[in-house]
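Subject: Structure handover

Hello,

Here is the structure for you to look through. Please open it beside this email and read the notes below with it.

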Amino acid sequence: MIFKERVSRPKGVIEDGRLMELHLYPGNQCNRECDFCNVFGAPKGGYTEYTTEHLEATLRTVMLHEQGTVKFYGGEPTLNHDNVIWAIAHLRQQGFQGSIVIYSNGIQAERLLAILKSDSLSKTTASLNYSIATGDGAPQMPLSSLRKLEDYELENPGAIAIGHPDIVDSGRGVDPFSGEETRPKNTHRCPHCYPVLKTDGRFHACPFAVENPAPHFQLGQIQDSAETISQNFQAFLDWLDTVHEPYAQAQDLPACTVCWQHLEALPQPDFVATA
Ligand SMILES: C[S@@+](CC[C@H](N)C(=O)[O-])C[C@H]1O[C@@H](n2cnc3c(N)ncnc32)[C@H](O)[C@@H]1O
Ligand code: SF4
Ligand code: SF4
């Protein structure tokens, strides 16, 4: 496998009320239905288009300089590639200088490459689903797609990375997952991911738990100021360290299992009021 893992970046960085990274989530429509999928991805899943309003909220919330990163996931971004290409162009036209990452299963390789090539700053890269790229834990993508992606990576080193093999207990999660035996075990500590702006207009604290509607994850609405979202994200991070992790340790539970199955036992983060 020629794809390399992406180097992980600092967590929880907030500068002048802006987040270093933001995920964008349009719903869970997908051309696969992985038995471990944290978002319940499926062909019958939903897709709500990115609009100018979502992108303006993104531009208000994330760092606009080179350190900022916007990550598109889903669902499968290549199923609606025209909307993703439009969104990237809009972010660039409005001055976003940072990097962009597309999480994809790579099956629609040509569409994925069209997305990467569309970026006027050539700073959009892809991250492939480990299981679908390797065939470990899910049917592998067609070899014709894999070859196209490998060729592109060979010509453009660093353009296409491979995701982590870890599977966490969220969504369909670990229970039905056939490849679990060989994967790293879960820990009590949350990885402290950056939050998500969903195209339903809500900011959610966790990309893994994005389909979990618990109030513990609700950072605010699309109309809220960047300060409100950052403040609530900081409150969520503090809650992870002072409430969530001690509970996971005391109950000897994996971190994501606490979020998936035990949140009613925990007080909510100390959020400020939102729109
Ligand atoms: C939800 S998918 C969406 C994008 C695209 N469909 C894909 O599969 O890459 C984003 C990433 O989450 C990973 N993922 C899905 N379910 C997971 C789970 N239960 N634990 C950890 N990662 C998971 C996938 O392997 C993929 O790398
Ligand atoms: S992990 Fe990705 S490819 Fe698999 S069902 Fe979920 S969204 Fe689709
Ligand atoms: S522990 Fe909770 S907040 Fe952290 S990644 Fe898992 S589901 Fe998300």
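This is a predicted model: local features need pLDDT of at least 70, side-chain atom pairs count only at pLDDT 80 or more; totals for chains, interfaces and linings use all residues.

Ligand 1

Start with ligand 1. Of the 15 residues around it, the ones that come nearest are Phe-36, Asn-38, Gly-75, Asn-129 and Val-168. Sorted by class, the shell around ligand 1 holds six nonpolar, seven polar and two charged residues.

An oxygen atom of ligand 1 is 2.9 Å from an N or O atom in the side chain of Asn-129. With Ser-104 the backbone takes part: one of its N or O atoms lies 3.3 Å from an oxygen atom of ligand 1. On its own, ligand 1 has 540 Å² of accessible area, and the protein covers 90% of that.

Ligand 2

The shell around ligand 2 includes three cysteines, Cys-30, Cys-34 and Cys-37.

What surrounds ligand 3? Its shell is made of Cys-190, Pro-191, Cys-206, Phe-208, Ala-209, Phe-236, His-244, Ala-255, Cys-256 and Cys-259. Two elements give two or more residues to this shell, α6 (226-251) and α7 (255-261). The largest share, three residues, comes from α7. By class there are nine nonpolar residues, one polar residue and no charged ones around ligand 3.

The count of cavities of 30 Å³ or more comes to three. The largest cavity has a volume of about 90 Å³, and α6 and α7 are the elements that give two or more residues to its lining. That lining has 13 residues, and Cys-190, Cys-206, Ala-209, Cys-256 and Cys-259 lie nearest the centre of the cavity. Divided by class, the lining has 11 nonpolar, two polar and no charged residues.

What takes up the space of the largest cavity? That space is taken by ligand 3.

Two spots in the backbone

Most residues other than glycine have a negative phi, and most peptide bonds are trans. Two places in this model are worth a look with that in mind.

Gly-74 and Gly-75 are joined by a cis peptide bond, with omega about 20°. Gly-75 is in the loop between β5 (69-72) and α2 (81-93).

Ser-122 is found in the loop between α3 (109-118) and β7 (124-128).

Regards

Conventions. Residues are numbered from 1 along each chain as its sequence is written. Chains are lettered from A and ligands numbered from 1 in the order in which they are written. Side-chain values use heavy atoms; hydrogens and water are left out. A residue is near a molecule or strand if one of its heavy atoms lies within 4 Å of it. On a 1 Å grid over the protein atoms alone, a cavity is a set of points where a 1.4 Å probe fits but cannot get out, and a pocket is an open set with protein on both sides within 12 Å along at least five of seven lines; lining residues have an atom within 4 Å of a point. A molecule sits in a cavity or pocket if more than half of its atoms lie within 2 Å of its grid points. Helices (H or I, at least four residues) and strands (E, at least two) are DSSP runs, numbered from the N terminus. Ala, Val, Leu, Ile, Met, Phe, Trp, Tyr, Cys and Pro count as nonpolar, Asp, Glu, Lys and Arg as charged, and the others, Gly among them, as polar. A polar contact is a pair of N or O atoms within 3.5 Å; within protein, one must be able to donate a hydrogen and the other to accept it, and residues adjacent in sequence count only if both atoms are side-chain atoms. Accessible areas come from the Shrake-Rupley method with a 1.4 Å probe; for residues, only the protein chains shown count as cover. Grid points are joined across faces, edges and corners, and a volume is the space filled by probe spheres set on the points.
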